[in-house]
Amino acid sequence: MIGVGKIKQYSNILEKPLSKGKQEVSLSAFAFLFSELVQYNQTRVDNIAELERRLEDAGYAVGARVLELLCHRDKGNRRETRLLGILSFVHSTVWKVLFGKVADSLEKGTEHEDEYMISEKDLLVNKYISIPKDMGTFNCGAFVAGIVRGVLDGAGFPAVVTAHFVPMEGLQRLRTTILIKFAEEVLQREARLG
Amino acid sequence: MSIRAYMRKPLYDSRDENSIITVMARKGMLDYGSKGCMDTNDSLRVASLWHSMHAISQQLSPTTGCSEIELLEANTFDLHCFQSLTGTKFFVVCKLGTRHMEALLKVVYKLYIDYVLKNPFYEMKMPIRCEVFDINLTQTVQKDRVALLGR
């Protein structure tokens, strides 16, 4: 028989292994889609805070799914129980899969025990976006903050995650920082675990 | 003052000086703003004039198939124009004999697609007020100036 393939035929689609999938997506396609997402939400809200919340909610849905997928694909179905573990998971694995590189830095907040910050010099979603002056401190990185919140929530580390612009010397563009503030129970559990 | 217009024939001239770049769409007009040569009203006037001339030139050509004016040479300045597939025109007014303006216009077009069209806060056919676009445009012009003039 000509053309007998080497592909194993699976009788049941559930038995097929999860494929790695396409590693790359067109940046322009994503930029246009994200721009449309922002515009769509802009027409349906009354104020900036509401817009930010909607973007975060959109990101939350992405985060929950990304956690499931990455747990299966990259971590062999093991889950993180420690704070630093989940943070470095977000900082390296999640960032690598979503944006193609690890995040620039992961820092612990100095003022409060429960605050951590992931910084990025040039956040991918903000690459082509210029915020008009009258929108104040609005940051489209709220979408990424939502993703992080989705991942943390799904992993059992409830937190409040926000995105902020931080001015940096030597660069005209502002650096984006994702600020993660963990809930009380997370810190208590962490303390119990030692 | 004599004016010669070249249609569909690229010409390169040297030197890049305080240039204005006005972006104009088919039906409306977008104004980037100037580096010091023309104020907003003047550039609006030039842009609308140029748009009409551009349209007339297609009828004026003695041969068929003329799509645009690429270069207008006057006594003291040059005007290079680049038209995208959608009809959006980019033109730059520069000193006589400036080279590589075509390349510059293509780079500006690329910047326009990236930083203006992908910006959700930009409304079509409005003046461009995008910070990132401005920053990158300034950088490009500076780079060009250093490369061509060495200063």
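Mentor: Across the interface of chain A and chain B the rule finds one salt bridge, that is, a side-chain nitrogen of Lys or Arg within 4 Å of a carboxyl oxygen of Asp or Glu. This is a predicted model, in which local features need pLDDT of at least 70 and side-chain atom pairs count only at pLDDT 80 or more, while totals for chains, interfaces and linings use all residues. Residues are numbered from 1 along each chain as its sequence is written, chains are lettered from A in the order in which they are written, and side-chain values use heavy atoms, with hydrogens and water left out.

Trainee: Which residues form the salt bridge, and how far apart are the closest N and O atoms?
Mentor: The partners are A:Lys133 and B:Glu131, with 3.3 Å between the closest N and O atoms.

Trainee: How is the size of an interface expressed, and what is the area buried here?
Mentor: The size of an interface is often given as the accessible area lost when the parts come together. Between chain A and chain B the buried area (accessible area, 1.4 Å probe, lost on being put together, summed over both) is about 1,400 Å², and carbon and sulfur atoms give 63% of it. The contact (heavy atoms within 4.5 Å) takes 19 residues from chain A and twelve residues from chain B.

Trainee: And how does one find empty space?
Mentor: Rolling a probe the size of a water molecule over the atoms shows where empty space is left.

Definitions and conventions:
Buried area = accessible area lost by both parts, 1.4 Å probe.
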